[in-house]
Amino acid sequence: MHTKEKTSNVIVRFIIAVIIAIYVLFPFFLVVINSCKETADITSNPIGFNGVSFGQLIRNISDVVNNTHFLFWQAFGYSALITILSLILLALFGAMAAWVICRNKTKWSTLIYFTFIASMIIPFQVVMLPLISTFRDVGKFIGIPMLQSVPGIVFAYLGFGGAMTVFILNGFIKGIPFTLEEAASIDGCTPEQTFFQIIFPLLTPVITTVTILNGMWIWNDYLLPSMMLGQNGAVKTLPVAVQAFVGSYVKQWNMILSAALLAIIPMIILFLIAQRQIMDGMIEGAVKG
Amino acid sequence: MSTFSTGRKAFSFASLIIGVVLTIWGLGVAIAKGGPGYPQRGALIVIGVLLFFLGLYLFPTLEHHRAIVNVIFLFPLLFAFAVTVIIPLVLGIGYSFTDWNGIKLKGFVGLANYLRMFKQPSFLWSILITFLFVVFNMILVNLVAFLLALLCTSRIKGLGFFRAAYFLPNLIGGIVLGYIWQFIFSNVVTKFTGTYSMLSDTKTAFLAIIIVYIWQYAGYIMLIYITGLNTIPGDVLEASAIDGASPMQTLFNIKIPMIAPTITICTFLTLTSAFKQFDVNLALTNGTGSVPNFLGTYLTNGTEMLALNIYSTAVINNEYAFGEAKAVLFFIILAAVSILQVRISNSKEVEL
């Protein structure tokens, strides 16, 4: 499209792009180098390399990992468990619900669909306070704790993520020819067989998209886990653990930045592996959402 | 009906009946708060419900099987949705008219909570700066993201790297990046500006939140603009080049009108996300900042946005009903602004 563009323009643009990239990536660089220093070296020169040593990085990391406020591996494990369980249930139940809503043109399915869409505008703040008291009371009533428990928070993510999941899946299922299902039905497939053996496998690309969107949200979410799990509970996700940890080490930047480093590394690794899928998924979710 | 074996019929009925019995037993001992099976009441209910659905699934009918499958497929998500969104929403709106303290309520207070919040200068201040923040963000994030998108759709080397690099901050949760930037503002930026930290003054702290937010969000919005720009057909751009349009003319007369739907999406995304902003606000400034004189009052919550104000009212100050009333207002504002925004954008979109 720019057939006769001057080379000088291209070079200028490239330099601008590099400068912006340096600006965007600079905070990550600061986190890495300052995780390798002692607090004194950080405060005297936060951007230089003096005091940087691999041994100090190991010391900082092991201090953070073994810190009773942080307990990295435990928080990491809970974050991973909660995210993975929520994602599996959202994909499965979301696809089931979206399929029923999409393939039944009754006033009930329309009502459910529009309730889901309308609910997407509800801010979490308006439901969080009654949610906590409801979960506490229900937990007491049935004898299964819903607060400070993994099943409780997974259930909450199923409820909060449901609307967007159904919305995106619904758009995709509409595009699958209905004749496919009719043919299956004539061949003797029951509705549930049709869904699990024919429709569900076809949903793989769009399920990848919703899983990425929900995964980014659930992994990084702070407010919901902090309300449901509490700052001092036995179950903590990574963002909650970081918040609890920083609260107890106000100016110990080597510890805080090492904790930040540990918290961002899993996401960065995932991004390096599945960069294309993550970026495409985020775009698709936005365009459809 | 010869299609169903006696065994299946018997199993279906048995599991339906046992399911109902177990559920009622579980609920019964829960209400009575005692009796045999009381400690296992949760398990009784869960197993009861599962058995009920198993029986329902195996119910010997051909005619209604489809309807039964529909109900079973819809139930898990709808149940979770009702319990976590619908019921709390209804309860919350109800609680906002009471003196609820998070555990129990003594009585209705009518509109007292709503009237009180409009007399609270710190809350009015929060509304004001939230609107300011939203307006600044909507303009700046979209502008920055659009310029980045233009850069990342032009002919330069390493496009893939630049796109990924600009998007990278979006992967990090607000709490973690809030603390990273707190470090940068209070330890790194001060090396150049002297001892004065941007976060200690309300105005510059507000600016700091905007900077961090653009840093986090522009890369994501950029990706959406890139997608929009790539949908413009190449021959349209070629035609404009042949007709002698300057790059600026192409930009304003072709590119921008043709990506109007993308602009709508991006404005909507930045608008709602800026309104709901909580994590960065909490981690970066925790809402602190002094305002010497606002409506005749000295305020200490200079950078506290609405979402954080609601949180601290309810959770920190333990005024649950008051916080809930603020949250309901927040919901109304958010809904009204989003509807208005979509209306305006739709009327301006050019059909091509």
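**Hairpin, domains and chain contacts**

Visitor: What phi does Leu295(B) have in the turn of the hairpin formed by β1(B) and β2(B)?
Guide: β1(B) and β2(B) form a hairpin with two residues between them. Strands (E, at least two residues) and helices (H or I, at least four residues) are DSSP runs, numbered from the N terminus. In the turn, Leu295(B) has a positive phi of about 55 degrees.

Visitor: At what pLDDT do side-chain atom pairs count in this predicted model?
Guide: Residues are numbered from 1 along each chain as its sequence is written, while chains are lettered from A and ligands numbered from 1 in the order in which they are written. The model is predicted: totals for chains, interfaces and linings use all residues, local features need pLDDT of at least 70, and side-chain atom pairs count only at pLDDT 80 or more.

Visitor: Which residue of β2(B) is the bridge partner of Val291(B)?
Guide: Strands β1 (residues 291-294) and β2 (residues 297-299) of chain B run antiparallel and are joined by two bridges. Two strands pair if DSSP finds at least two bridges between them. The partner of Val291(B) in β2(B) is Leu299(B).

Visitor: How far apart do the C-alpha centres of domain 1 and domain 2 of chain A lie?
Guide: The bounds, taken from an automatic or database domain assignment, are 2-60 for domain 1 and 72-288 for domain 2 of chain A. The distance between their C-alpha centres is 34 Å.

Visitor: Which helix gives the most to the side of chain B that touches chain A?
Guide: Residues are in contact if their C-beta atoms, placed from the backbone, lie within 7 Å. Here 79 residues of chain B are in contact with 72 residues of chain A. The most, 20 residues, comes from chain B's helix α3 (residues 65-95).

Terms used
Two residues are in contact if their C-beta atoms, placed from the backbone, lie within 7 Å.
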